[in-house]
Amino acid sequence: MTVINPSSISGITSITMPSGDGNVLTIHTNDGVERFRIDSSGNVKVGSACTISQDGDVFFTGVTTATTYAGSGANLTNLPAANLTGTLPAISGANLTGIAATDNVRTGILDVAGVSTFRNTMNVGAAVTISESGIEASGIGITVANINGTQIGGRRNFIINGAMQVAQRGTSFATVNNEYTLDRFRIQGSHNGAVTVTQSTTSPDGFSKSFKIDVTTADTSIASSQYSQLTYKVEAQDLQNLAYGTSAAKTISVSFYVRSNVTGTYTFAIQQSDNSGKQVSQTYTIDSADTWERKTFTFAGDTSGVINDDNGKGFDIYWNFAIGSAYTTGTSRAAWTANADADFAAGHTANLLSSTSNEFYLTGVQLEVGSQATDFEHRSHGEELRLCHRYYYIFADARDDGSTGQLATGFAYHAGQAEGTIHYPDMRTAPSLVQATGTNYYGAYNNGSNATWNSFSWYQPSPRVGLLYQGSTSGLTQGQGYRLQFANDNAYIHLDAEL
Amino acid sequence: MAYPTNPIYKLLKNPDGVVDCVQTQIGDSEPYKLTVIPFMEDNKDYQDYLAWVAEGNTAEAAD
């Protein structure tokens, strides 16, 4: 090896290594340690920690310091978390993996444009838990504008006596047709069978009563125009918040519990007769014999069918038990469309009247605003009774009050006429006077003279007051006061203002 | 009382001599169910009566 040992060399413009083993250039410090090398492949090495290869790769085993770096960082690995600071650029996080279970995602705002799915329970602080089972909030209130698009609290249910608690007219109705039975519910039909209706104690959990219809005379072949059904009428002014006839018309949901030994397809319908004469109708199936099943329906609001703001009928609701082909051959209507007989019970195939062994139960009837049928809104017996009084009111009933039960303080208008004013809770309209009549069922009594008669007449009734009178009796003393009272334990005075 | 079965309605005069109610009775024996219906247009029973009349029927005259 040639040794050149001046303190400085200048003017050299090219150094060419020899061939063979000598084809390498090294520079050593004075202690003989190699500090710099250009090998035969053109790689440049500084000591043992830095290599610059001819193909552009650079290898350092020490610390690299620079003002800026440019180019791809695709293969950077093991970046220390403490050294990643500053602002993240707008990049995809699609391949983020291994995010630890806690505390690793923190932000002031989580802004998700699409659907977010949380695969497990989600906690908000210590008091709110959102899970697949629902939302639990302990120790705090929940503030929301509405639930299910309507008011949050009670009075969701438009149906009065939906739990079949109230039975002012009686709890058993033999061979009944085209009459109200349990309060607000009317049985009606045109067929060759016969049915009885009772207030039953067979009921789903959480209920104590149900409407029950028993077939006592079968009709195995329902003619085209025949039918058997239960109806409920909703007063029109109570439906104004549905905003029917406007662009804000609200969706409604109907739900009820049914049970029957006759499985199969039944139909349910609502008609709205004000202005537009429209209807919706749907089928439902009783899947299992003698088993309570809850059925729910949702109907979008009717933007064109105005419901009058009055005390007339708003909705007529129907549960069909058996119905002829004139009403079944059309199409079920989930949207409000013009009344058409063929659509009224389209798809109905069950015939409850087919055997005297057949029976059908109904309870938990609810009509509410919103697209979700919610749990039945239970009200107290007293509340339901007061609501029923708008439509039917027992003024007095000797079967409960006794055969000498009092009716009113009266007087003798003349010797042959007794009369007395009665007051009652505001009813829907001036009511009909419904009474038992028979020989000497009613009477007028005082210390001097008495009279009895068979029935009362009804003078100038209003929704809240009317005059009971009997103008064909005798023996009274004109101008004297009398107790008007029952004289038979079957007598009763009821008032009827049903729809 | 012997109650007419056809017609099924009977008109009633009030103490002033004005016909302002109609009555109808059902039942085969005592106690009968007797309904006295005021002439009020939004009374359902009165509407049923008017429908019955519209079918060509006529109620028994008042006493």
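This is a predicted model: local features need pLDDT of at least 70, side-chain atom pairs count only at pLDDT 80 or more; totals for chains, interfaces and linings use all residues.
**View 1. The interface between chain B and chain A.** In this view, 21 residues of chain B are in contact with 28 residues of chain A. The size of an interface is often given as the accessible area lost when the parts come together. Between chain B and chain A, the buried area is about 1900 Å², and carbon and sulfur atoms give 49% of this area. Zero salt bridges are counted between chain B and chain A. Polar contacts across the interface of the two chains link 12 residue pairs, with both residues of a pair at pLDDT 80 or more.

**View 2. The side of chain B that touches chain A.** Strands S2 (19-26) and S3 (32-38) and helix H1 (44-54) of chain B each supply at least two residues of the side that touches chain A. S3(B) provides the largest share of this side, with seven residues. By residue class, the side of chain B that touches chain A comprises nine nonpolar, eight charged and four polar residues.

**View 3. Pairing of strands S25(A) and S3(B) across the two chains.** S25(A) and S3(B) run antiparallel and are joined by five bridges. Within this pairing, Leu433(A) stands opposite Val36(B), a residue of S3(B). Strand S25 of chain A spans residues 432-437, and strand S3 of chain B spans residues 32-38.

**View 4. The cis peptide bond between Glu30(B) and Pro31(B).** The peptide bond that joins Glu30(B) and Pro31(B) is cis, with an omega of about -5 degrees. Pro31(B) is located in the loop between strand S2 (19-26) and strand S3 (32-38) of chain B. Both of these strands supply residues to the side of chain B that touches chain A.

**View 5. Asn161(A), a non-glycine residue with a positive phi.** Although Asn161(A) is not a glycine, its phi is positive, at about 65 degrees. The loop that holds Asn161(A) runs between strand S8 (134-137) and strand S9 (172-173) of chain A. The relative accessible area of Asn161(A) is 0%, so this residue is classed as buried.

**View 6. Asn440(A), a non-glycine residue with a positive phi.** The phi of Asn440(A) is positive, at about 55 degrees, although the residue is not a glycine. Asn440(A) occupies the loop between strand S25 (432-437) and strand S26 (442-445) of chain A. Because its relative accessibility is 34%, Asn440(A) counts as partly exposed.

Technical notes
Residues are numbered from 1 along each chain as its sequence is written. Chains are lettered from A and ligands numbered from 1 in the order in which they are written. Side-chain values use heavy atoms; hydrogens and water are left out. Helices (H or I, at least four residues) and strands (E, at least two) are DSSP runs, numbered from the N terminus. Buried means under 20% relative accessible area, exposed over 50%, partly exposed in between (1.4 Å probe, protein chains only). Contact means heavy atoms within 4.5 Å. Buried area is the accessible area (1.4 Å probe) that two parts lose on being put together, summed over both. A salt bridge is a side-chain nitrogen of Lys or Arg within 4 Å of a carboxyl oxygen of Asp or Glu. A polar contact is a pair of N or O atoms within 3.5 Å; within protein, one must be able to donate a hydrogen and the other to accept it, and residues adjacent in sequence count only if both atoms are side-chain atoms. Ala, Val, Leu, Ile, Met, Phe, Trp, Tyr, Cys and Pro count as nonpolar, Asp, Glu, Lys and Arg as charged, and the others, Gly among them, as polar. Two strands pair if DSSP finds at least two bridges between them.
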